[in-house]
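Reader: I am new to this structure and would like to go through it by asking. Please keep the answers plain.

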Amino acid sequence: MEKDMLYMQEVANGYRPDVERLIRYIPWLESKAGGDVSKFYQENGIKDHSISFPVYDSTLMSLVQDVKRTQLLDRNYVYIYTRKRIRTVEDEHKLIEQATLQEWDILKGILSKYILGGMTKGKIWSEGVSNGSILKVILKMKEILEYWDKPMHATAAGKMWFQR
């Protein structure tokens with residue numbers, strides 16, 4: 001039993017730096033939940049001569065780049081969705097709420113859907129922010145790691161970065 005606890009704590013400590021990198025986005029994600037983080041570029045008469053294209057919030061793009069630098073992405077996230085029969089945002093939120101360290105792969109899978117899926121279909125990034133799934137995953141990861149160790153705080157540089 002004690003070996004299991006030590007193993008779980010070791011696993012949690014392995015993910016800690018990655019989650020600490022992402023918790024600085026929590027205030028921004030909370031402020032953008034239900035909103036839109038992209039707009040279509042239509043200046044200089046582009047609408048008359050070409051197709052308008054989406055322009056994403058710079059903070060969203062920073063979040064995507066930071067997540068890509070972590071161990072929190074799972075290229076086989078589609079398997080998680082199939083295995084757990086996740087079909088709707090409500091299904092995602094229900095599994096996020098119930099997740100523990102043992103279900104970390106589910107949290108990674110949901111986060112991966114929005115980050116990796118957005119690489120080919122950009123509107124998925126916006127959906128993940130507006131429906132709150134990305135925020136809920138990061139908050140749940142933070143909660144789980146705090147259970148196994150000590151409270152996490154955003155770095156001073158991370159807080160200042162968002163006080164524009």
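Reader: What is the handedness of the crossing of α4 and α7?
Author: This is a predicted model. In it, the axes of helix α4 (residues 58-68) and α7 come within 11 Å and cross at roughly 110°. The crossing of these two helices, α4 and α7, is left-handed.

Reader: Is α4 roughly parallel or roughly perpendicular to α7?
Author: Two packed helices are described by the angle between their axes and the distance between the axes. For α4 and α7 the angle is roughly 110°. Angles of 65 to 115 degrees count as roughly perpendicular, so α4 is, relative to α7, roughly perpendicular.

Reader: Which residues of α4 and α7 make the contact?
Author: On the α7 side the contact is made by Leu 111, Ile 115 and Met 119. An α-helix has 3.6 residues a turn, so residues three or four places apart point the same way. On the α4 side the residues are Val 64, Val 67 and Lys 68.

Reader: Where is Leu 60, and is this residue buried or exposed?
Author: Leu 60 belongs to helix α4. Its C-alpha atom is separated by 9.0 Å from that of Tyr 25, 35 residues apart along the chain. The relative accessibility of Leu 60 is 1%, and buried means under 20%, so Leu 60 counts as buried.

Reader: How many residues of α7 are buried?
Author: Helix α7 covers residues 104-120 and has 17 residues. From its first C-alpha to its last, α7 reaches 25 Å, close to the 24 Å expected at 1.5 Å a residue. The helix is mostly covered, and the number of its 17 residues that are buried is 13.

Reader: Is α7 roughly parallel or roughly antiparallel to α8?
Author: The axes of α7 and helix α8 (residues 123-130) come within 6 Å and cross at roughly 150°. Angles over 145 degrees count as roughly antiparallel. Therefore α7 is, relative to α8, roughly antiparallel.

Reader: Which residues of α8 meet α7?
Author: From α7, the residues that take part are Lys 113, Tyr 114, Ile 115, Gly 117, Gly 118 and Met 119. Of these, Ile 115 and Met 119 also belong to the contact with α4. The residues they meet in α8 are Ile 124, Trp 125, Glu 127 and Gly 128.

Reader: At what angle do the axes of α6 and α7 cross, and which residues of α7 meet α6?
Author: The axes of α6 and α7 come within 10 Å and cross at roughly 145°, and this crossing is left-handed. From α6, Val 89, Glu 92, Leu 95 and Ile 96 take part. Their partners in α7 are Ile 106, Leu 107, Ile 110, Lys 113 and Tyr 114.

Reader: Is Tyr 15 buried or exposed, and which residues does Tyr 15 touch?
Author: Tyr 15 is part of helix α1 (residues 2-22). Its relative accessibility is 15%, so Tyr 15 counts as buried. Not counting residues up to four places away in sequence, Tyr 15 touches Gln 71, Leu 72, Trp 104, Lys 108 and Leu 145.

Reader: How far apart in space are Glu 146 and Ala 12?
Author: Glu 146 lies in helix α9 (residues 133-148) and is partly exposed, with a relative accessible area of 24%. In sequence, Glu 146 and Ala 12 are 134 residues apart. In space their C-alpha to C-alpha distance is 8.9 Å.

Reader: Which residue other than glycine has a positive phi near 55°?
Author: Most residues other than glycine have a negative phi, and most peptide bonds are trans. The residue in question is in the loop between α5 (77-83) and α6 (89-98), and is exposed, with a relative accessible area of 61%. The residue with phi near 55° is Arg 85.

Reader: How many helices and strands are there in the protein?
Author: Read along the sequence, the pattern is α-α-β-α-β-α-α-α-α-α-α-α. Of the 164 residues, 41% count as buried. The protein has 10 helices and two strands.

Notes: Residues are numbered from 1 along each chain as its sequence is written. This is a predicted model: local features need pLDDT of at least 70, side-chain atom pairs count only at pLDDT 80 or more; totals for chains, interfaces and linings use all residues. Side-chain values use heavy atoms; hydrogens and water are left out. Helices (H or I, at least four residues) and strands (E, at least two) are DSSP runs, numbered from the N terminus. The expected span of a helix is 1.5 Å times one less than its number of residues. Buried means under 20% relative accessible area, exposed over 50%, partly exposed in between (1.4 Å probe, protein chains only). Axes are lines fitted to C-alpha atoms, for helices over the stretch in contact, and angles run from 0 to 180 degrees between N-to-C directions. Angles under 35 degrees count as roughly parallel, over 145 as roughly antiparallel, 65 to 115 as roughly perpendicular and the rest as oblique. A crossing is left-handed if the near helix is turned anticlockwise from the far one by less than a right angle, and right-handed if clockwise. Contact means heavy atoms within 4.5 Å.
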